Amino acid sequence: MDKVIRMSSEKGVVIFSKSSCCLSYAVQVLFQDLGVNPKIHEIDKDPECREIEKALMRLGCSKPVPAVFIGGKLVGSTNEVMSMHLSSSLVPLVKPYLC
């Protein structure tokens, strides 16, 4: 879990993803469209993939990917991010991290 906590704080916006996950891709595109250049961790390319998935679930992710962290804090997965975006609460949260 220490690895995930460290990785989630590497940049203002961090997304744990899998290269084959269409929801992960959609979340990445959303942040890029907002002008944010997130740090992407493709966990399926990490030899510790299973341990990372377990750690993300222990941190409170309903599904291991996508898992979005803003300012080192877990925001959630696709549903939470899209809900925040639709309610106009996502942009103020990422404003400090705009490119």
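**View 1. Ser24, a buried residue of helix H2 in this predicted model.** Ser24 has a relative accessible area of 0% and is therefore classed as buried, since that term applies to values under 20%. The residue belongs to helix H2, which spans residues 22–33.

**View 2. The surroundings of Ser24.** The side chain of Ser24 is joined to the side chain of Ser17 by a polar contact of 3.4 Å. When neighbours within four places in sequence are left aside, the residues in contact with Ser24 are Ser17, Lys18, Val65 and Pro66.

**View 3. The open sheet of four strands.** The strands follow the order S2-S1-S3-S4, and their pairing is mixed. At the edges lie strand S2 (39–42) and strand S4 (73–76), each of which pairs on one side only. On average, and with direction ignored, neighbouring strands of this sheet are turned by 25 degrees against each other. In general, strands of a sheet pair through backbone hydrogen bonds, in either a parallel or an antiparallel sense.

**View 4. The pairing of strands S3 and S4.** Strand S3, made up of residues 67–70, pairs with S4 in the antiparallel sense, and three bridges are found between the two strands. For Ile70, the bridge partner in S4 is Lys73.

**View 5. Helices H2 and H4 lying across strands of the sheet.** Helix H2, the helix that holds Ser24, lies across strand S1 (13–17), S2 and S3, and runs at about 160 degrees to S1. Helix H4, which covers residues 78–86, lies across S3 and S4, and its direction makes an angle of about 85 degrees with S4.

How values were computed
Residues numbered from 1 in each chain as written. Predicted model: local features only at pLDDT ≥ 70, side-chain atom pairs only at ≥ 80, totals over all residues. Heavy atoms only, no water. Buried < 20%, exposed > 50% of the residue type's maximum accessible area, 1.4 Å probe, protein only. Polar contact = N/O pair within 3.5 Å; in protein donor to acceptor, adjacent residues only side chain to side chain. Contact = heavy atoms within 4.5 Å. Pairing = 2+ DSSP bridges. Axes fitted to C-alpha atoms, helices over the stretch in contact; angles between N-to-C directions.
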